[in-house]
Amino acid sequence: MRLLHTMIRVADLERSIAFYTEVLGMRLLRRKDYPEGRFTLAFVGYGDESEHAAIELTHNWDTSSYDIGNGFGHIAIEVEDAAHACAEVKKRGGKVTLEAGKMKHGSTIIAFVVDPDGYQIEFIQRGSRQ
């Protein structure tokens, strides 16, 4: 078994694709409209889906916003240098919600950014995990 993807619902598909590709450096792996169901699926990620997990961005055409709820936590991405990754996100117009530093009760270096729909994305610095 292996993890294939995580699905999140997005209000503005083009804005979300731009964030994940232009701000976080992922690639648009595939995209398909489902007119009968009035939704579009777009898959983004850092590598081919045959070997890497992806994020499925689901856009329901008739829904303009979503409540994230309190059950979903975040998406985690390993980065070489968390401070540098934050600087790049800001340079590309993204929002950093927690600057890079050691986590509160450990030594792992983390940071948080937020996507256009409010989903939290954690950067974990390579080699710093406990």
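Contact here means heavy atoms within 4.5 Å. The model is predicted, so local features need pLDDT of at least 70 and side-chain atom pairs count only at pLDDT 80 or more, while totals for chains, interfaces and linings use all residues. Residues are numbered from 1 along each chain as its sequence is written, and side-chain values use heavy atoms, with hydrogens and water left out.

Select Glu56, His74 and Glu122, which an unreviewed UniProt entry annotates as "binding site"; such annotations may be inferred rather than shown by experiment, and the positions follow the numbering used here, with feature names shortened.

Next, centre on Glu122 in strand 8 (residues 120-125); strands are DSSP runs of E with at least two residues, numbered from the N terminus. Glu122 has 10% relative accessibility and therefore counts as buried (under 20% relative accessible area, 1.4 Å probe, protein chains only). Leaving aside neighbours within four places in sequence, display the residues in contact with Glu122: His74, Ile75, Ala76, Ile77, Ile110, Ala111 and Phe112. The side chains of Glu122 and His74 are joined by a polar contact of 2.8 Å (a pair of N or O atoms within 3.5 Å; within protein, one must be able to donate a hydrogen and the other to accept it, and residues adjacent in sequence count only if both atoms are side-chain atoms).

Glu56 is buried because its relative accessible area is 10%. Beyond neighbours within four places in sequence, its contacts are His5, Thr6, Met7, Ile8, Leu41, Ala42 and Phe43. Finally, show the side chain of His5, which makes a polar contact of 2.7 Å with the side chain of Glu56.

Technical notes
Buried means under 20% relative accessible area, exposed over 50%, partly exposed in between (1.4 Å probe, protein chains only). Helices (H or I, at least four residues) and strands (E, at least two) are DSSP runs, numbered from the N terminus.
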